[in-house]
Amino acid sequence: MSADTYRRGRSLGDRAILVAVVALTLVWIAPIVWVLGLSLKPNEVLMRTTGGLLSPPFTLKNYADIIASSSVFGWMMNSTIVAAGQTILTLVLASLAGYGFARTDFPGRGVLFVVVLAALAVPEQAIIVPLHTMFAFFEWHNTYGALIAPRLAFPFGVLLMTQYFRAISPEIEEAALLDSASRFKVFWRIVLPLSIPAQATLGIYTFLHAWNDYFWPLVSATKPEMYTLTIGLASMQTNFAQTEGIGFLMAQAVFAGLPVLILYLFFQRHIISAVSGGSAR
Amino acid sequence: MAAQGVAGVGVRSTANVLFVLPYMAVLAALLIFPLGLGLFLSFQDWDMLGGWNGSVGWENFANLFTDKIFLGTIRNTVLFVVMTVPAFVALGLFLALALNNGLRRSVVMRTIFFGSSVLSVTIVTLIWRLVYLPDRGLLADILGLVGLPSIDMVANESRALPSVAIVTVWWIIGLPMTLFLAGLQQIPAELYEAAALDNASRWRVFTSITLPSIRRTIVLVALIEVILQFQVFGQIFLITSGGPNNASRPIVQYIYEAGFRDWQLGFAAAASQVLFALMLLAALAQFWFARRREAA
């Protein structure tokens, strides 16, 4: 059990659990280490065998090939624009609405809030066909706007910000309101700066989900120059059998995955709390 | 919040609606309207290429439930949920219990178990398709080391779905683990101290203190995972493409192919209503079970 509260010494059970969890750790890390190692080996060698992970020859040619086929950079740029755009717009919309629901009163507030809560139950798949039809009608596909917009409607951010604003003491605001500052000014000058931790959580959550999003970009971005990194990499996976070589594929996985993993190591605590807070709704 | 004085925070004013208006407009346009449009489409013969051929009543649904492939996707999806959700709960709880301490190695291992969750579905499937390569994959290499023949995970009807289930657990075990860790940390230490004084066995502490204290977390994790795994698509589509012989095709892939490959919009919309209904049913059933067990 939790060792700091209930410790019965280094019993046999403790050791068995430790062995099991270390073995699982190896299972978890092995695929990544294997791919990382083999991405540094020449394709000709990998054609014959994927043994000798640690023995030469090594090469950086697989990475040079990625950089030469420049579409990967374009896709990375698209992903960055889409994820950043979605994050900024989500923060703006969710902060305003969260403040409105948590701190102000207006006719119909209760009803609208119930609508927002009910929207939580709607999965992406339930609306993706009509959404695609709408965007096709307005000829909006294959634009950044089309890639950014649909997720802005998901209510999680609004509910997170509503909860956060509710927890901030109203007294600070009341003092400012007595000085006859406008409601928006109070929100902008006083409440918003207090909400930076919640903004960070929601921002990381939104960015990660936008960066890794798959279904909507798959149906909306059909032109290769509008692919996000996720869709672009998937498009190169399709003819897996007659590929340029598995070393090249492995280098792609590393190239696309390493930046996210490095960011994760730096912002680990924020990312974990953002992702788990994002699900404990 | 209401009636907090003249300049109070809770004063009712129509102008305040402006705070929520931008989001409500987006919600109406991009979620509520499409939801209604989807319901409408479900009862239409609407083909992206052939155009609109009028209302067909329940025909789309009738066709769905007589389509063996669609019924197969429901079976596959439910099977996938049954394979993954217990694994997420059991393994997530085990990892949380084993790593719920301040030891440095536990922190490192938690980082590893959560780390794979930040990768996108494309990277995860790329890695695992290579691992599963029957001739040169990591799995074949490891089996070869102990003298076993390699097994084809992906191109085998009975192994295709389990092989994707393994990938899925590997990919996102971090979330259940983190939720369980948070749940465990809320158990009062006094409970364990009392158990230590009583010299209670490890198993007894687990069953009579830990499990009852985190019952709500277990329900939460199971609910989240059921909802999440019902929507499985990307990893199956990219690893097995639903094959071999439809053995791993999930409902969402059926929606994708009906809607975005065959462009039968009405039919695809009807299929997504069925998915939505199944998910609501599964969630309600879980709530009901949780309630009953709590009452019992």
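## Chain A

Chain A of this predicted model contains 15 helices and zero strands. Along its principal axes, the C-alpha trace of chain A spans about 75 × 65 × 35 Å. The radius of gyration of chain A is 24 Å, whereas a compact globule of 281 residues would have a value near 19 Å.

Of the 281 residues in chain A, 40% count as buried. Contacts in chain A between residues at least 6 apart in sequence may also be examined for their separation along the chain: 77% of them join residues at least 24 apart.

## Chain B

Chain B has 14 helices and two strands. Its radius of gyration is 24 Å, well over the 19 Å that the globule rule gives for 296 residues, and chain B is therefore more spread out than a compact globule. The C-alpha trace of chain B spans about 80 × 75 × 35 Å along its principal axes.

Buried residues account for 43% of the 296 residues in chain B. Among the contacts in chain B between residues at least 6 apart in sequence, 68% connect residues at least 24 apart.

## The hairpin of chain B

The two strands of chain B are β1, residues 44-47, and β2, residues 51-55. They run antiparallel and are joined by three bridges. Together β1(B) and β2(B) form a hairpin, with three residues between them. One pairing can be named: Asp47(B) has Gly51(B) in β2(B) as its bridge partner.

Strand β1(B) has two faces that can be told apart by their cover. Gln44(B) and Trp46(B) make up the covered face, while Asp45(B) and Asp47(B) make up the uncovered one.

## The domains of chain B

The domain assignment divides chain B into domain 1, residues 81-239, and domain 2, residues 250-296. The C-alpha centres of these two domains of chain B lie 24 Å apart. Eleven residues of domain 1 of chain B are in contact with ten residues of domain 2 of chain B.

On the domain 1 side of this contact, the elements that give two or more residues are α11 (215-230) and α12 (234-239) of chain B. Of these, α11(B) gives the most, with six residues. Sorted by class, the domain 1 side that touches domain 2 in chain B has ten nonpolar residues, one polar residue and no charged residues.

## Where the two chains meet

The contact between the chains involves 85 residues of chain A and 87 residues of chain B. On the chain A side, helix α1 (residues 12-38) gives the most, with eleven residues. The side of chain A that touches chain B has 60 nonpolar, 19 polar and six charged residues.

## The nonpolar core

The largest nonpolar core has 150 residues. Helix α3 (residues 68-99) of chain B gives the most to this core, with eleven residues. The residues with the most contacts inside the core are Ile127(B) and Ala271(B).

The surroundings of Ala271(B) can be described by name. When residues up to four places away in sequence are not counted, Ala271(B) touches Leu64(B), Phe70(B), Ile251(B), Tyr254(B), Ile255(B) and Ala258(B).

## Backbone features in the loops of chain B

Most residues other than glycine have a negative phi, and most peptide bonds are trans. The peptide bond from Gly243(B) to Pro244(B) is cis, with omega near -10 degrees. Pro244(B) is placed in the loop between α12 and α13 (251-260) of chain B.

Asn199(B) is not a glycine, yet it has a positive phi of about 60 degrees. This residue, Asn199(B), lies in the loop between α9 (189-197) and α10 (202-213) of chain B. Asn199(B) counts as exposed because it has 8 C-beta neighbours inside 10 Å, and the cut-off for an exposed residue is 12 or fewer. Trp263(B), also a residue other than glycine, has a positive phi near 55 degrees. Trp263(B) is found in the loop between α13 and α14 (265-295) of chain B. With 14 other C-beta atoms within 10 Å, Trp263(B) is partly exposed.

Methods
Residues are numbered from 1 along each chain as its sequence is written. Chains are lettered from A and ligands numbered from 1 in the order in which they are written. This is a predicted model: local features need pLDDT of at least 70, side-chain atom pairs count only at pLDDT 80 or more; totals for chains, interfaces and linings use all residues. Domain bounds come from an automatic or database domain assignment. Two residues are in contact if their C-beta atoms, placed from the backbone, lie within 7 Å. Helices (H or I, at least four residues) and strands (E, at least two) are DSSP runs, numbered from the N terminus. Ala, Val, Leu, Ile, Met, Phe, Trp, Tyr, Cys and Pro count as nonpolar, Asp, Glu, Lys and Arg as charged, and the others, Gly among them, as polar. A residue is buried if 20 or more other C-beta atoms lie within 10 Å of its own, exposed if 12 or fewer, and partly exposed in between; C-beta atoms are placed from the backbone. Two strands pair if DSSP finds at least two bridges between them. The radius of gyration is taken over C-alpha atoms; the globule rule is 2.2 Å times the number of residues to the power 0.38. A nonpolar core is a set of buried Ala, Val, Leu, Ile, Met, Phe, Trp, Tyr and Cys residues joined through C-beta atoms within 7 Å.
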